[in-house]
Amino acid sequence: MTLRLGDIAPDFEAETTEGRIRFHEWLGNSWGVLFSHPKNYTPVCTTELGYTAKLKPEFDKRNVKAIGLSVDKLEDHYGWSKDIEETQGAALNFPLIADADRKVADLYDMIHPNASDSFTVRSVFIIDPNKRVRLIITYPASTGRNFDEILRVIDSLQLTDQYKVATPVNWKPGEDVIIVPALKDEDARKLFPQGWKALKPYLRLVAQPKQG
């Protein structure tokens, strides 16, 4: 199964370090970040999980739940979590799926086709409260993910869902945004009475709207 942006994220039941969950029910009305790991007790994954744990206050501010996955057994997750806390200075504070039967990995096409029939690639899925997939990123096993970028994308998605804007290259929260081309000037004036800077008729920069 190949997932595309806008698809409904497949639901599943799985054992995790925080008990058995049904994914859609667990997600509730929150956004979700589902991310996979090639294997337990590996160095890059250890750093990623520790950093994700440190980001919990940032995820909470954005109404986001994080959930990890690897194809190792549940008992292995518990032992690994101790290493994560010891080396990264942060204990796991989000569930880690034990996907030993590869059910979830297959649903989300996470198995690395050119490396192993059991290793998952570093897949990332951002899922909105309507359970739709809004972002898919796949990293090679040797490259740790940039979770600051994942937060940035969530900020962009939440902003652009609320307003008729898009975010430009390298945008960060608080910087100017782009009025979507589909919005005509007369309609844009109602939404952005403070005005905007038009570099071209199709490229209109405006101060980031305040989210309510």
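Analyst: Buried means under 20% relative accessible area, exposed means over 50%, and partly exposed covers the range in between. Please keep in mind that this is a predicted model. Arg132 has 38% relative accessibility and therefore counts as partly exposed. Arg132 is located in the loop between strand 6 and strand 7.

User: Which residues is Arg132 in contact with, leaving aside its neighbours within four places in sequence?

Analyst: The contacts of Arg132 are Gly6, Asp7, Ile8, Ile126 and Ile127. A C-alpha separation can also be read against the distance along the chain: Arg132 and Gly32 are 100 residues apart in sequence, and their C-alpha atoms are separated by 10.0 Å.

User: How should I read a nonpolar core, and which residues have the most contacts inside the largest one?

Analyst: The largest core here has 26 residues, and Val33, Phe35, Phe59, Val124 and Ile126 have the most contacts inside it. Among the elements that give two or more residues to this core are strand 3 (31-36), helix 2 (43-54), strand 6 (122-127) and helix 6 (147-162). Helix 6 gives the most, with six residues. Val33 illustrates the packing: beyond four places in sequence, Val33 touches residues including Phe59, Val64, Ile67, Val124, Ile126, Ile150 and Ile154. A second, separate core of 21 residues includes Ile21, Phe23, Ile97 and Val133.

User: How many aromatic pairs are there, and how is a pair described?

Analyst: A pair of aromatic rings is described by the distance of the centres and the angle of the planes. The count in this model is six aromatic pairs. One of them joins Phe35 and Phe147, with 5.3 Å centre to centre and 75 degrees between the planes, an edge-to-face arrangement. This pair links distant parts of the chain, as Phe35 belongs to strand 3 and Phe147 to helix 6, 112 residues apart. Phe35 counts as buried because its relative accessibility is 0%, and Phe147 counts as buried at 2%.

User: Why is the pair of Tyr108 and Phe125 edge-to-face?

Analyst: Planes over 60 degrees apart count as edge-to-face. The planes of Tyr108 and Phe125 stand at 70 degrees, with ring centres 5.1 Å apart, so the pair is edge-to-face. Tyr108 lies in the loop between helix 5 (103-107) and strand 6, whereas Phe125 lies in strand 6, 17 residues apart. Both residues are buried. Tyr108 and Phe125 also belong to one aromatic cluster with Phe12, Phe23 and Trp26.

User: How do strands pair in a sheet, in general terms?

Analyst: Strands of a sheet pair through backbone hydrogen bonds, either parallel or antiparallel. In this model, strand 1 (residues 13-16) and strand 2 (residues 19-22) run antiparallel and are joined by four bridges. These two strands form a hairpin with two residues between them, and Ala14 has Ile21 as its bridge partner in strand 2.

User: What is the order of the open sheet of four strands, and which strands stand at its edges?

Analyst: The order is 8-9-11-10, with antiparallel pairing. Strand 8 (165-166) and strand 10 (197-200) stand at the edges; each has a single partner strand, so one side of each lacks a neighbour in the sheet. Strand 10 pairs with strand 11 (residues 203-206) over three bridges, and Lys197 stands opposite Leu205 in strand 11.

Conventions. Residues numbered from 1 in each chain as written. Predicted model: local features only at pLDDT ≥ 70, side-chain atom pairs only at ≥ 80, totals over all residues. Heavy atoms only, no water. Core = buried A, V, L, I, M, F, W, Y, C linked by side-chain atoms within 4.5 Å. Buried < 20%, exposed > 50% of the residue type's maximum accessible area, 1.4 Å probe, protein only. Contact = heavy atoms within 4.5 Å. Phe/Tyr/Trp six-rings, centres within 6.5 Å; stacked < 30°, edge-to-face > 60°. Pairing = 2+ DSSP bridges.
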